[in-house]
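Here's a walk through one chain, from its overall layout down to individual side chains. Keep the viewer open as you read.

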Amino acid sequence: MHRIVWMLFAVAIIVGAATIAATLDRLPEVVATHFGRDGLANGWMSQGAYAITMLAITIGAPLAVAVGTTWLPRVSPSMLKLDRCRRWANPAARPGLIAATSMLGGVIGATLAVFLGAIHLLVVDANASSPARMDQPAFVGLMLSFAAVTIVACGIHAIRTRRA
């Protein structure tokens, strides 16, 4: 299961970044990047700056989650205050906790990459109209979906680590 999660993580980052790269030509030179409650654009940036920003965030944010959940607990548990956790103090439980936390990072990182790729597609769609307008129901649905997946993943993690 662990390998599957991390393969999906890699695929999600690649697909998210490829989606952004493949659709940049559909954006105007000045891209509407921020939208008000009414869906109308109220913030812009150049296409080049938008491309660099979105690619950096879509690749970097999931990788930061992966580092924070996979590498950091192994090398510096005190930084995360894990040394104060009774379960973490049990050497027999620690490998199970590390594995569960690593899988959580893979799931959340993959979800984040997909979410950011989908946000980009909403931005592309919004910039196709004049004036630029974000599809608010689609945006809210996307946000709620991301939140739901994150909450479920954290709930499963909590259950798994209680048993560890």
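How many residues does α4 have, and what distance does α4 reach from its first C-alpha to its last? The helix has 34 residues and reaches 49 Å, close to the 50 Å expected at 1.5 Å a residue. That expected span is 1.5 Å times one less than the number of residues.

## Ground rules

This is a predicted model, so local features need pLDDT of at least 70 and side-chain atom pairs count only at pLDDT 80 or more, while totals for chains, interfaces and linings use all residues. Residues are numbered from 1 along each chain as its sequence is written, and side-chain values use heavy atoms, with hydrogens and water left out.

## The overall layout

The chain has 5 helices and 2 strands, counted as DSSP runs (helices are H or I with at least four residues, strands are E with at least two, numbered from the N terminus). Going along the sequence, you read α-β-β-α-α-α-α. The C-alpha trace spans about 60 × 30 × 25 Å along its principal axes.

Of the 164 residues, 38% are buried; buried means under 20% relative accessible area, exposed means over 50%, and partly exposed is in between (1.4 Å probe, protein chains only). As for contacts (heavy atoms within 4.5 Å), take those between residues at least 6 apart in sequence: 69% of them join residues at least 24 apart.

## Helix α2 and its bend

Helix α2 covers residues 47-75, and its 29 residues should span 42 Å at 1.5 Å a residue; the end C-alpha atoms are 39 Å apart, which agrees. There is a bend of about 35° at Val67, taken as the angle between axes fitted to the seven residues ending there and the seven starting there. The buried residues of α2 include Tyr50, Met54, Thr58, Ala66 and Leu72. Among the elements covering the buried residues of α2 are α1 (2-23), β1 (30-35), β2 (41-46) and α4 (94-127).

Thr58 is worth a click. This α2 residue is buried, with a relative accessible area of 0%. Setting aside neighbours within four places in sequence, Thr58 is in contact with Ile13, Gly16, Ala17, Ile20, Ala113 and Leu116.

## Helix α4 and the cores

With 25 of its 34 residues buried, α4 is largely enclosed by the rest of the structure. What does the largest nonpolar core contain? It has 21 residues, and those with the most contacts inside it are Leu24, Leu27, Phe35, Tyr50, Phe115 and Val123. A nonpolar core here is a set of buried Ala, Val, Leu, Ile, Met, Phe, Trp, Tyr and Cys residues joined through side-chain atoms within 4.5 Å. β1, α2 and α4 are the elements that give two or more residues to this core, and α4 gives the most, with 8. Apart from it lies another core, of 7 residues, among them Trp6, Ile13, Ala66 and Ala113.

## Aromatic pairs

Searching the whole structure turns up 2 aromatic pairs, where rings of Phe, Tyr and Trp (its six-membered ring) pair if their centres lie within 6.5 Å, with planes under 30 degrees apart stacked, over 60 edge-to-face and the rest tilted. The rings of Trp6 and Phe9 have centres 4.8 Å apart and planes at 70°, so this pair is edge-to-face. Both residues lie in helix α1, 3 residues apart, about one turn of the helix. Trp6 counts as buried at 19% relative accessibility, and Phe9 does at 7%.

Phe115 and Phe146 form a stacked pair, 4.5 Å centre to centre with 25° between the planes. Phe115 lies in α4 and Phe146 in α5 (residues 136-163), so the pair ties together parts 31 residues apart in sequence. Phe115 is buried at 11%, whereas Phe146 is partly exposed at 21%.

Met134 lies in the loop between α4 and α5 and counts as buried at 7% relative accessibility. Not counting residues up to four places away in sequence, Met134 touches Phe35, Gly39, Leu122, Val123, Ala126 and Phe139.
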